[in-house]
Amino acid sequence: MSIISYAQNFEDVMLWRALKHVKCGFYIDVGANDPVIDSVTKLFYDSGWRGINVEPDEQWFLKLEAERPRDINLQCAAADYDGELNFYVLPNTGLSTSNKTIAERHEHERNYTKQIQTVSARTLTEICEQYNTSSIHFLKVDVEGAEKAVLDGLDLQMVRPWIVIVEATRPNSQEDDYVSWEPGLLSSNYKFVYFDGLNRFYLAAEHNELADCFNLPPNIWDDFVLYNMIKRGELGVQAVECFAVLQERQAQLDTCIEVANNRQDQLDNSRKLVEEKQGQLEASVKSAEDKQRQLVESQKIAHVNRGLAQRRRRLLVDVSTLLRWDRPVVGIVRAQLELVRYVFNRVPVSTFVAFNGERDCISIVSKEEVARLITKIDSCEYLAENEDESVTKGGLVVERLKSKLADGEELGVGSTSIRFLGLLYAKFIAPWLPIRVKFLLQMLRLGRFRELSRLALSKLINRRVVFGQTKGDGEEGSAEAYDDAGSIRKLNEVMCEPHALLAKKHPPLGFTPEDIYISIGLDWDHSNYPLLYKLKKTIGFKVVGAFYDAIPVVRPDLVQSSDFSKMFSNYIYMLVNMADSVFCISNFSKGQLEKIIDKDYECSPELRTIYLGDDLQVSDEYHEFPSRPHGERYALYVSTIEVRKNHQLLVDTWVRLWEKYGDAAPDLVLVGMIGWGVENTIHNLHKSGLLDKKIFIYSNVSDGELHNLYEKSLFCVFPSLMEGWGLGAVEALKYGKVCLISSCAALSEATQRLVPVLDEQSADVWVKKISEILDQPGYLEVLEGSVAKGFESKAWTQFATEFVEFVREEH
Amino acid sequence: VRILQLATYPIKEPLHGGQIRVAEIKRVLEQAGHEVINIAISEETHSQYSDTDLLVSSEVLGQFVELPFCGDLATSNYSTSDTVISHITQVVGADSVGVVFIEQPWLWPSVKYLCDHNPAFSGCKFVYSSQNIEYKSKELLLENRKLSRNSVQKVVDEIENLEIELCRSADLVVACTDIDALEFESMGASNVVVCPNGVRAMNPATDTVRMIQEVIGGEARYALFVGSAYPPNADGFWSMLGDSLAWMKPNEHIICVGGVSDILADFAPAAAEKNEYINFDRIKRLGFISTGVLDALLDQASVIICPITYGGGSNLKTAEAISSCRPVVATEAACRGFDFVGDLSDFDVCSAESEFRESMKKFLRGRQDYGSVPKYGLTESSLRTKVQWSYTLAQLSDVYSLLCA
């Protein structure tokens with residue numbers, strides 16, 4: 001079994017080699033110091049030995065006392081006398097000494113601080129005597145330079161340690177320092193046997209058998225381990241323990257890391273899961289989007305199918321208005337023309353139809369005829385045709401009026417003269433409003449006149465009633481009123497629906513239940529809704545109609561005909577009852593129709609606002625414009641000349657502008673047909689002296705010329721009292737022109753709220769605004785800038801496309 | 001008993017409610033074995049007259065009352081004239097008259113005169129029969145006509161006095177409704193019986209129905225409005241159906257039968273003028289027709305309307321509607337005297353315009369169960385026969401007992 005060497009320089013190994021055989025041996029350790037570290041006796045103590053430890057330093061003494069209970073621990077200095085001495089303690093070192101010089105040197109050289117203690121001094125002889133030591137196996141002396149005094153205090157003759165080992169170099173050096181005390185040993189019959197570089201070993205002569213034990217320095221055969229190594233080993237163990245702890249910690253850490261990793265994994269998994277879910281979600285979204293797309297596609301397909309069905313469901317487009325129109329196309333007629341053009345070019349399965357002049361029969365119009373019609377309108381043939389009617393090509397409408405005036409015909413002052421009205425009606429109103437007369441004739445033809453005349457006559461007849469009992473139309477007196485046959489005849493008359501008879505008499509050829517009948521023209525003048533209603537009921541086709549405005553109903557004063565107002569009410573009644581869907585030209589108009597329907601009607605056709613187009617179809621083949629007398633700076637108003645359009649306000653405005661600016665005032669160009677209710681306005685205009693001087697009226701203006709007029713205008717005006725849309729105002733914006741408009745809601749909607757809105761009742765307001773334009777440099781450009789920036793134009797093709805889509809969506 | 005029946009309208013071809021009531025009373029009395037002499041002192045506004053009737057021109061009547069709608073009062077004022085007295089005397093002859101039935105109060109002055117001056121009338125009993133409280137009806141009729149309040153009041157007072165005097169003098173008062181009966185009692189009548197208006201049992205001919213169906217056409221629906229030229233009929237029409245008939249569909253009509261056809265336009269409110277074309281395309285004014293065709297029209301109507309909003313008496317047209325077994329939309333005023341209408345199927349009583357219109361729409365657009373065969377149970381069928389003359393006038397069969405009561 002290996003021994004543990006605690007000594008500083010293997011001293012215990014050498015001693016153990018010599019004395020290991022001694023059981024329970026005895027030692028004297030002078031300058032014992034720490035009981036373990038660097039201890040020469042520790043190995044032996046642990047092997048069962050005991051001994052005397054002499055240590056004056058209290059620090060070590062107490063430790064010895066604590067750890068060497070079997071030993072005799074003496075806190076004293078071994079000296080060559082018994083008494084006291086100064087002991088120089090260098091704390092926490094093994095360098096404390098009774099040698100002042102050495103202590104001071106340590107102090108000096110190593111910056112220690114010595115403590116002087118007075119300790120008891122005893123000779124080893126006296127100590128051995130005290131403790132009656134019979135056999136001392138080895139004496140070790142390490143007293144930091146006081147070795148001689150120690151040895152001098154031992155009577156080697158009396159006390160014969162087997163082996164004496166003495167530190168033989170100066171403290172902390174290799175310098176020999178045994179000269180002073182070795183002679184005493186040698187002389188006491190001790191034999192120097194070994195020097196280990198620090199200590200010199202002396203063997204009592206009587207134990208010379210142990211001399212061989214000192215032949216060799218410590219080696220592997222001594223089978224020892226160094227305490228320091230063990231300590232290091234312990235440290236290693238501790239390190240190992242620490243390492244283990246560390247490992248444990250590491251393991252814990254690893255566990256934590258693992259947990260963390262697991263968590264991370266879980267997190268990763270979760271993330272993965274989330275990502276998967278995200279993926280799934282995205283997939284779902286994608287799927288939903290795909291489905292949405294599929295749905296859209298399906299809808300498109302359905303739409304296409306509907307379209308196909310639509311193509312199977314032929315569009316029957318009514319061209320009655322266009323066929324009878326022989327003037328420039330504006331407003332409603334323009335809308336019909338552009339729809340017809342679109343259907344003609346792009347909707348293969350379509351047929352064009354029209355009522356005859358009497359409106360008692362509807363029949364198909366060949367495509368060749370429609371093509372000719374479109375060409376005729378586009379090429380402005382109507383202008384040439386109207387030349388025969390003395391309305392010169394693009395000439396002044398009021399030429400005839402002026403000539404009549406020049407011929408001395410007087411105008412009524414303050415009120416229109418009958419002659420003047422007659423003139424206006426015969427020359428200007430009647431050609432454009434033949435329908436009024438035709439309407440009455442039609443009533444006659446359709447049996448309506450009988451009803452009307454009956455109503456009128458009834459009122460006259462009823463004047464006979466004096467005392468409350470009415471006689472009616474005398475039927476009570478008729479014998480046939482009381483027999484069944486006569487009564488049935490009466491019922492037949494009363495219930496007679498001429499339209500039903502006509503529908504039976506002239507069934508339209510080739511109409512089918514799959515057809516969709518479209519009519520967006522001036523139907524109150526050119527169509528026959530009761531007949532159409534009967535045909536629809538009989539055949540079952542769908543009907544799509546148009547609603548432009550309710551002006552004749554809402555403001556009958558503006559159409560100046562109570563009869564027309566009543567007829568228009570009936571037209572709306574039939575429209576909403578007959579049509580499956582109705583297109584409206586503005587939200588304003590749509591709102592008006594909704595109000596009418598909500599108030600009285602029991603039907604709900606699908607209503608849709610589709611804004612009209614604004615591009616003029618300018619023919620390349622018609623460049624020559626008539627020479628016009630107006631000046632270069634002019635305001636333009638494109639609109640039928642009728643009371644509703646409020647030309648009177650413009651006349652008043654221009655009179656004041658003339659007064660204010662004279663020749664510098666811009667001209668006013670009015671483009672449009674003369675309609676109804678403007679006799680006073682024309683009269684006032686003539687009276688003002690501005691006609692043909694500052695204010696010019698043109699009719700029969702081609703699209704090409706209108707294009708030219710718009711482009712060259714300074715600005716445009718639209719003071720109408722009521723509108724459903726206001727195409728003229730929109731066209732102005734299309735040309736980048738500012739258009740001063742009235743406060744009509746539809747006008748604001750049509751002009752996209754980009755232009756000044758003025759009180760249509762106040763000429764002062766208009767004069768002021770126009771003055772601002774004339775007087776403030778750059779003001780007009782600012783207004784035009786707003787128009788240029790904000791105006792969204794719309795092609796007529798787009799209108800027609802939207803319309804046909806609307807038709808297809810709904811059916 | 002020899003009975004003289006006096007009225008201000010002829011009953012040769014009874015058309016309006018008053019004529020029909022008088023004719024039916026005459027028939028019941030005759031069926032009870034009495035001799036009934038009917039004389040009408042009538043305006044010239046009717047078409048059919050009997051030999052016993054006396055026509056009075058509007059020029060003559062115009063001398064008595066200036067206000068419109070007062071021909072009856074003018075007749076009353078004219079009734080003691082020599083022309084009237086001698087006409088009655090001549091028709092009655094020398095044989096004594098046991099009972100005089102005075103239909104409405106107008107001819108009371110002549111009866112009073114005859115009792116004082118004609119021995120044939122000595123000791124005769126007086127029966128006052130009326131389907132209205134006339135002074136109230138006249139007041140309602142005149143109050144919204146922009147007439148002088150004083151002149152209206154004068155006329156109303158005169159009629160009221162006439163009615164009070166007659167109530168106090170009559171041995172029997174035949175009222176049309178319970179309410180009227182109470183009114184008569186409050187005016188002094190001591191012996192009042194209630195004989196509501198009724199209708200004849202309808203029996204539309206199959207051929208006529210078929211012809212009607214052909215004329216009307218397959219998809220068309222109609223509401224039937226039967227009424228006389230009595231202004232409340234026309235006023236009620238516009239009040240309950242509104243200024244605009246645009247709520248009706250183009251295949252829906254209102255067929256007007258009777259004198260009301262001729263006054264509808266006159267009574268149309270100003271607000272309806274702009275809708276004239278719409279309205280009169282929907283309204284088919286038929287005027288007077290045979291009872292056979294009327295029965296067929298009743299039989300084929302999607303709904304029968306009774307829109308009268310004021311006017312006294314019970315409405316024969318309402319009774320006709322009840323008897324027809326067709327759906328009915330009526331005002332509360334039109335249902336006066338028919339308190340059981342609440343127990344009838346498909347019978348809507350409406351007080352507001354919108355309600356009336358909605359009810360009409362319901363029947364015009366609902367399932368059409370045409371046919372004269374009653375579709376109702378025995379109880380309801382029995383209720384509906386209550387409106388027939390044979391039931392409503394049953395008490396008068398024993399008029400003598402009534403007079404002695």
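Modeller: Helices here are DSSP runs of H or I with at least four residues, strands are E runs with at least two, and both are numbered from the N terminus. This is a predicted model, in which local features need pLDDT of at least 70 and side-chain atom pairs count only at pLDDT 80 or more, while totals for chains, interfaces and linings use all residues. Residues are numbered from 1 along each chain as its sequence is written, chains are lettered from A and ligands numbered from 1 in the order in which they are written, and side-chain values use heavy atoms, leaving out hydrogens and water.

Let's begin with Asp600(A), which belongs to helix α24 (residues 587-600) of chain A. Asp600(A) counts as buried because its relative accessibility is 14% (buried is under 20%, exposed over 50%, partly exposed in between, with a 1.4 Å probe and protein chains only). Setting aside residues up to four places away in sequence, Asp600(A) touches Ser244(B), Ala246(B) and Trp247(B), where contact means heavy atoms within 4.5 Å.

Now to your sheet in chain B. Its 6 strands run in the order β10-β9-β8-β11-β12-β13, forming an open sheet with parallel pairing (two strands pair if DSSP finds at least two bridges between them). At the edges stand β10 (283-287) and β13 (347-350) of chain B, each with a single partner strand, so one side of each has no neighbour in the sheet. From one strand to the next, the twist averages 20° (axes are lines fitted to C-alpha atoms, for helices over the stretch in contact, and angles between N-to-C directions run from 0 to 180 degrees). Within the sheet, β8 (residues 221-226) and β11 (residues 303-306) of chain B pair in the parallel sense over 2 bridges, and Leu224(B) stands opposite Ile304(B) in β11(B). Chain A comes in here too: helix α17 (residues 484-495) of chain A packs on the sheet, touching β9 (252-257) and β10 of chain B, and its direction makes about 155° with that of β10(B).

One more stop in chain B is Lys386(B), whose charged end sits over the ring of Phe340(B), 6.0 Å from its centre (the rule asks for NZ of Lys or CZ of Arg within 6 Å of the ring centre and within 35 degrees of the ring normal). A counterpart in chain A is Arg628(A), lying over the face of Tyr698(A) at 4.3 Å from the ring centre.
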